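Have the structure open as you read.

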Amino acid sequence: MTDQHLETEKTVPRPSLRQGAFTPKSLAGQLMLWITVIITALWLVAVGFGALVMRDEFGEIFDGSLQETAERLVPLAVDDLRHQEDLGTRERSDSFRAEPGEGNLTYQVRDKTGRVLLHSHAAAGEPFDAPLKVGFFEGEDGRVYTASTGDGTIFVQVTYSAQERHEAVVEGSLALLLPVLLIVPVTVLAVWFVVHRVLRPVETLRAAIGEKDGGNLAAIEEVSLPQELRPILRSVNLLLARLRDVLAAEREFTSNSAHELRTPIAGALAQTQLLLSELKDSPTGARARQIEASLQKLTKLTEKLLQLARAEAGIGVTETTFDVADVVNVVVTDLQRASEDGDRIRFTRDLAGSRTCEGAADAFAIVLRNLIENALLHGRPDEPVDIHLTAAGNVRIRNGAPRMSDAELVAVRKRFSRGRTLASGSGLGLSIADRLLAQMRASLILTSPIPGQADGFQAEIVFSALR
């Protein structure tokens, strides 16, 4: 079933390009990532600046409140002290109280020696750690403002809890940050929607170009594309048109070459056979028979080379379709009738109805003929060649053969590669089949031993574009 005894222990995948360590990222993904990072960073920077400004503004508000409270308390404190002196009492307590703000705002009234004369109920009896000097002072317990009477004998010091000031700044900052936590996800969704909407024409063009993988060379339809992408579409369609022209010219050339080569070889073979009939038992008849054998071998080799040339010209690349079952039936029937070992061919099918595949029917027929001829030539002569059309539309060809190593199975796909076999052949059958199947978006899977058996060889044609 190949140009040598095919023996494989498992399915050998077709050679493919190794993926590098770096996988290119999508344009949409990069845009979304960078836009999201930049927007998030800008929002966080804005929140940071807002928090700084808010802290300064809160500081001004608190300082203004301290100054205003202290200045208003000065005359009240003086009146209270005079009232106490008139009553003959020198109570130094919190008999005078202002609104303490739940203990956050506290004050002390001190004389010029620093002694505490009055204080709020939440203030400690010990003097504040602040000098008796009009103005603001940043102490360990918070910011203190000192006001005094005109003669500088009475001082009123007011402070606001440092913890309260800090909590106000933190709560204000969180009030700015929390909306951002909601805005950022909404922004990401909006960016995703806009990016995908804007890049939809790019994705459409990419998908259309991606379909041009050798089995479809039709021009890409004029879709609604932005101005920047229209030159790309025109260039791709022009390239496809040139490629179709080149492939058509190569197919025509190889077809004409086939006729030109077959005719003289067939004529020489006919003349040699006529000469053999005339010579009969003549001593020169042996030489004539050698010439006949050489011409027959040359005919087979020429046929394989022409098939290879047609495969290289891309005869499998076409916009037409064919029915897999019909082609299999025709090729199998023809080989059963024309081949000397046709009685070894056994055909079964599970496929009900028809299955169509993109490609050329004659290209698929060449593939089947090569695989079946290899099975007959290189398989054990006392064992049958089984051809099975599966329900999925795939084709399996099995023949008896010794097992092969993985390295041997990879090698038989190469041109002019011949393994451990004494049978005649050109070593081109599998190479031609592999090339044509790739053009039809199909793959050739080689397996040895046959699943469930100790040896044998199986070649399976798997279509990826069945409809």
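One term first: here, two parts are in contact when heavy atoms of each lie within 4.5 Å. Keep in mind that this is a predicted model.

With that in hand, look at helix α6 (residues 324-338), which lies across β7, β9, β10 (395-399) and β12 (457-463). Its direction is at about 160° to β7. Helix α7 (residues 361-378) also packs on the sheet, touching β7, β9, β10, β11 and β12. The direction of α7 makes about 20° with that of β10.

So what is the order of the strands in this sheet? Reading across, you get β7-β9-β10-β12-β11, an open sheet of five strands with mixed pairing. From one strand to the next, the twist averages 15°.

Now for some strand pairs.

| Strand pair | Sense | Bridges |
|---|---|---|
| β7 and β9 (residues 385-389) | parallel | five |
| β1 and β5 (residues 154-161) | antiparallel | seven |
| β1 and β2 (residues 116-119) | antiparallel | three |

Ile345 stands opposite Val385 in β9, Leu105 has Tyr160 in β5 as its bridge partner, and Gln108 faces His119 in β2.

Next, the inside of the model. In soluble globular proteins, nonpolar side chains tend to be buried together. Here the largest nonpolar core has 47 residues, and Phe364, Val395 and Ile461 touch the most other members. Elements giving two or more residues to this core include α5 (285-312), α9 (429-439) and β11. The biggest giver is α7, with nine residues. Take Ile461 as an example: leaving aside its neighbours within four places in sequence, its contacts include Phe364, Val367, Leu368, Val395 and Leu444. Another core, of 19 residues, lies apart from the largest one, and Ala77, Leu81, Leu118 and Tyr160 are among its members.

Helix α3 (residues 200-210) has its own buried residues: Pro201, Leu205 and Ala208. Why do they line one face of the helix? Seen down the axis of α3, the buried residues fall within an arc of 60°, so they share that face.

Finally, compare two residues. Is Ser448 buried or exposed? Buried means under 20% relative accessible area, so Ser448, at 0%, counts as buried. Ser448 sits in the loop between β11 and β12, and a polar atom of its side chain lies 2.9 Å from the backbone oxygen of Gly456. Leu189, in helix α2 (residues 162-198), has 58% relative accessibility and therefore counts as exposed. Leu189 and Met32 are 157 residues apart in sequence, yet their C-alpha atoms are 9.5 Å apart in space.

Conventions
Residues numbered from 1 in each chain as written. Predicted model: local features only at pLDDT ≥ 70, side-chain atom pairs only at ≥ 80, totals over all residues. Heavy atoms only, no water. Pairing = 2+ DSSP bridges. Helix = DSSP H or I, 4+ residues; strand = E, 2+ residues; numbered from the N terminus. Axes fitted to C-alpha atoms, helices over the stretch in contact; angles between N-to-C directions. Core = buried A, V, L, I, M, F, W, Y, C linked by side-chain atoms within 4.5 Å. Buried < 20%, exposed > 50% of the residue type's maximum accessible area, 1.4 Å probe, protein only. Arc of directions from axis to C-beta. Polar contact = N/O pair within 3.5 Å; in protein donor to acceptor, adjacent residues only side chain to side chain.
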